[in-house]
Each structure stands twice: as C-alpha cells, then as structure tokens.
Amino acid sequence: SGIFSHGDLSSFTQSENLQLMTAIGHDGHIYAVEKSSNYDFIASRSIVWQLGAEIDRLKEIPRAELPDEQFLEQAERLIRNAIGELQENGVNFYE
C-alpha cells in the first residue's frame with residue numbers, strides 16, 4: 001500500500017518498546033504512528049490481527065477478478081480503516 005503495511009503495523013503493535021514508527025509512502029509522503037499514554041495493547045493487537053485476516057481474504061481472490069491495482073486500493077482502504085480504529089485505542093497517526 002501507499003502507507004503502512006500490515007507487517008509494519010503488526011511490528012508496531014507487538015513491540016512493547018517501539019513507541020514511534022515512520023514510513024515513506026510511494027509518493028514520498030512521510031507517515032507516522034505513535035503510541036500515546038492511552039495506548040491499549042490488547043485492542044490494538046486485535047485490530048491488526050483482524051486487518052491481517054481481511055488482507056489474507058483479499059489475497060485469495062483470483063487476480064482475474066481483482067486486478068493488482070484494485071487489490072492495492074482495497075488493501076490501503078483496509079489499512080486506513082485499521083489506523084482509524086487504532087486511533088480510537090491510543091495511537092496517534094500523522095500524515
């Protein structure tokens with residue numbers, strides 16, 4: 001995707017000592033996620049686990065039915081939705 005990947009968010013939520021993560025999008029834009037004092041570890045891990053399951057379901061769709069460009073668009077939408085949920089659980093998102 002153009003922002004964080006599922007793997008990025010998984011690493012971020014799993015690492016207790018990782019407080020801030022940045023990424024550079026395909027367009028050169030810088031994004032960041034940061035754990036606030038209200039960070040909910042359990043909820044965040046669940047959100048990212050669900051994101052992984054949703055992306056795995058997308059991967060199972062044959063490319064003839066879901067071309068790469070559409071796959072990437074849908075994956076980015078899922079990631080943005082997950083980031084929105086993470087924000088509700090103590091993660092600051094900067095773009």
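Which residues are linked in a network of salt bridges? Glu76, Arg80 and Glu95 are. A salt bridge here is a side-chain nitrogen of Lys or Arg within 4 Å of a carboxyl oxygen of Asp or Glu.

## Basis of the report

This is a predicted model, in which local features need pLDDT of at least 70 and side-chain atom pairs count only at pLDDT 80 or more, while totals for chains, interfaces and linings use all residues. Residues are numbered from 1 along each chain as its sequence is written, and side-chain values use heavy atoms, with hydrogens and water left out.

Helices (H or I, at least four residues) and strands (E, at least two) are DSSP runs, numbered from the N terminus. Buried means under 20% relative accessible area, exposed over 50%, and partly exposed in between, with a 1.4 Å probe and protein chains only. Contact means heavy atoms within 4.5 Å.

## Salt bridges

The count of salt bridges comes to three. Within helix H3, Glu76 and Arg80 lie four residues apart, about one turn of the helix, and their side chains meet at 3.5 Å, N to O. Glu76 is partly exposed, with a relative accessible area of 23%; Arg80 is also partly exposed, at 33%.

Arg80 forms a salt bridge with Glu95 too, at 3.5 Å from N to O. This pair links distant parts of the chain, with Arg80 in helix H3 and Glu95 in the segment after E3, 15 residues apart. Glu95 is exposed, with a relative accessible area of 56%. Another salt bridge joins Asp68 to Arg63, the closest N and O atoms being 3.8 Å apart. Arg63 counts as partly exposed, at 33% relative accessibility. Side chains of opposite charge can pair when their charged atoms come close.

## Helix H3

Helix H3 covers residues 68–87. Its end C-alpha atoms are 28 Å apart, which agrees with the 28 Å that its 20 residues should span at 1.5 Å a residue; the expected span is 1.5 Å times one less than the number of residues.

The buried residues of H3 are Phe71, Ala75, Leu78, Ile79, Ala82, Ile83 and Leu86. They lie on the same side of H3, because they cover an arc of only 140° around the axis, the arc being that of the directions from the helix axis to the C-beta atoms. These buried residues pack against H1, H2 and E3. The face turned away from the buried side carries the exposed residues Glu69 and Glu73.

## Helix H2 and Ile55

Helix H2 (residues 41–60) has 20 residues and reaches 29 Å from its first C-alpha to its last, close to the expected 28 Å. Its buried residues include Ser44, Ile47, Val48 and Leu51. Helix H1 (6–14), helix H3 and E3 are among the elements that cover the buried residues of H2.

Ile55 lies in H2 and is buried, with a relative accessible area of 9%. Not counting residues up to four places away in sequence, Ile55 touches His6, Phe71, Leu78 and Ile79. The C-alpha atoms of Ile55 and Ile79 are separated by 9.0 Å, although the two residues are 24 apart along the chain.

## Strands E2 and E3

Strands E2 (residues 30–35) and E3 run antiparallel and are joined by four bridges; two strands pair if DSSP finds at least two bridges between them. Val33 stands opposite Phe93 in E3.

Strand E3 (residues 91–94) has Val91 and Phe93 on its covered face, and Asn92 and Tyr94 on the uncovered one. In a regular strand the side chains alternate between the two faces of the sheet.
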